[in-house]
Amino acid sequence: MNIDQIVLNFFVNHRVEWLSFVMLVITYSGSYMIVSSVAFLSAVSFYIHKHTSRIFPFLIAIAGSTITTYLLKHILERARPAVEFMLYPETGFSLPSGHATGAMALYGFLFYIIWKHDKHYLKKPFMILLVALILLVGISRLYLGVHYFSDVLVGYAVGFVWILIAIKIHKHILRFFGSLGSHKFKS
């Protein structure tokens with residue numbers, strides 16, 4: 001038996017009703033609707049607080065990871081686990097997990113921004129919350145039986161690559177506008 005099937009069987013065999021509800025709630029924090037809503041609100045917040053240098057790289061991380069996920073799903077065409085493993089029916093291709101990718105790109109870039117820039121007394125709790133969200137979204141997809149372990153890992157990898165690209169873009173923006181002496185683009 002491969003690792004994907006072992007992990008899937010583990011979660012399916014250890015389901016309990018109250019935890020199933022919790023995992024359904026958690027999985028929605030990685031859904032396209034929540035990711036795009038939080039991304040929009042974060043971009044507005046960056047604008048209001050005059051951290052405009054963050055907006056473009058942040059949106060690149062979200063859009064890039066979404067497009068990459070879509071393309072990989074349709075190139076690889078990996079089927080989801082069998083319906084009898086799923087807690088609720090899910091359609092579409094499996095690899096990579098869009099929820100894991102979106103959670104990594106969104107919450108991972110926010111983690112970077114908080115880690116790098118904010119000097120707030122709630123900095124560490126927010127960072128812990130973001131890491132927990134990323135991990136829990138992936139676990140929820142496994143628990144619900146709608147993805148394989150490798151789907152989640154590849155989703156995390158895709159999201160992480162786009163975070164690295166976004167960070168590089170952010171640093172270039174800061175360097176460029178810093179060399180112009182512009183104070184309009186704060187980190």
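User: What kind of model is it, and what are the ground rules?

Analyst: It is a predicted model: local features need pLDDT of at least 70, side-chain atom pairs count only at pLDDT 80 or more, and totals for chains, interfaces and linings use all residues. Residues are numbered from 1 along each chain as its sequence is written, and side-chain values use heavy atoms, with hydrogens and water left out.

User: OK, how many salt bridges are there?

Analyst: The count is 3 salt bridges. The rule is a side-chain nitrogen of Lys or Arg within 4 Å of a carboxyl oxygen of Asp or Glu.

User: Which residue does Asp 4 pair with?

Analyst: Arg 78, with the closest N and O atoms 2.8 Å apart. Asp 4 is in helix H1 (residues 3-13) and Arg 78 is in the loop between H4 and H5, so this bridge ties together parts 74 residues apart in sequence. Helices here are DSSP runs (H or I, at least four residues; strands are E, at least two), numbered from the N terminus.

User: Is Arg 78 buried, exposed or partly exposed?

Analyst: Partly exposed, because its relative accessible area is 23%.

User: What other salt bridge does Arg 78 form?

Analyst: One with Asp 151, and there the closest N and O atoms are 2.8 Å apart. Asp 151 sits in helix H7, so the pair links parts 73 residues apart in sequence. Asp 151 is buried, at 0% relative accessibility.

User: And Glu 90, what does it bridge to?

Analyst: Arg 141, at 3.4 Å from N to O. Glu 90 is in the loop between H4 and H5 and Arg 141 is in helix H6 (residues 123-143), so the bridge ties parts 51 residues apart in sequence. Glu 90 is partly exposed at 22%, whereas Arg 141 is buried at 1%.

User: Which residues end up in a network?

Analyst: Asp 4, Arg 78 and Asp 151, joined by salt bridges that share partners.

User: Switching to Ser 94. Where is it, and what does it touch?

Analyst: Ser 94 lies in the loop between helix H4 (55-76) and helix H5 (98-117). Contact means heavy atoms within 4.5 Å. Leaving aside neighbours within four places in sequence, the contacts of Ser 94 include Arg 78, Asp 151, Lys 73, His 147 and Tyr 148.

User: So is Ser 94 buried or exposed?

Analyst: Buried, because its relative accessible area is 0%.

User: Which residues have a positive phi without being glycine?

Analyst: Lys 50 has phi near 60°, and Glu 77 has phi of about 50°. Lys 50 is in the loop between helix H3 (32-48) and H4, and Glu 77 is in the loop between H4 and H5. Lys 50 is exposed, at 53% relative accessibility. Glu 77 is exposed too, at 51%.

User: Now the surface. What makes up the nonpolar patch?

Analyst: Val 16, Trp 18, Phe 21, Val 22 and Val 25, covering about 510 Å². Patch residues have over 30% relative accessible area and no salt bridge; like charges are joined within 9 Å, and nonpolar side chains (Val, Leu, Ile, Met, Phe, Trp, Tyr) within 5 Å. Areas come from the Shrake-Rupley method with a 1.4 Å probe. Val 22 is in helix H2 (residues 17-28) and is partly exposed at 32%.

User: Which residues form the positive patch?

Analyst: Lys 116, Lys 168, Lys 171 and Arg 175. Lys and Arg count as positive; His and the chain ends are not counted. Charges are placed at NZ of Lys and CZ of Arg. Helix H7 (residues 149-179) gives the largest share, 3 residues. Lys 116 is in helix H5 and is partly exposed at 45%.

User: Last one. How far apart are Tyr 28 and Ala 79?

Analyst: 21 Å in space, C-alpha to C-alpha, and 51 residues in sequence. Tyr 28 is in helix H2 and is partly exposed, with a relative accessible area of 48%.

Note on methods:
Buried < 20%, exposed > 50% of the residue type's maximum accessible area, 1.4 Å probe, protein only.
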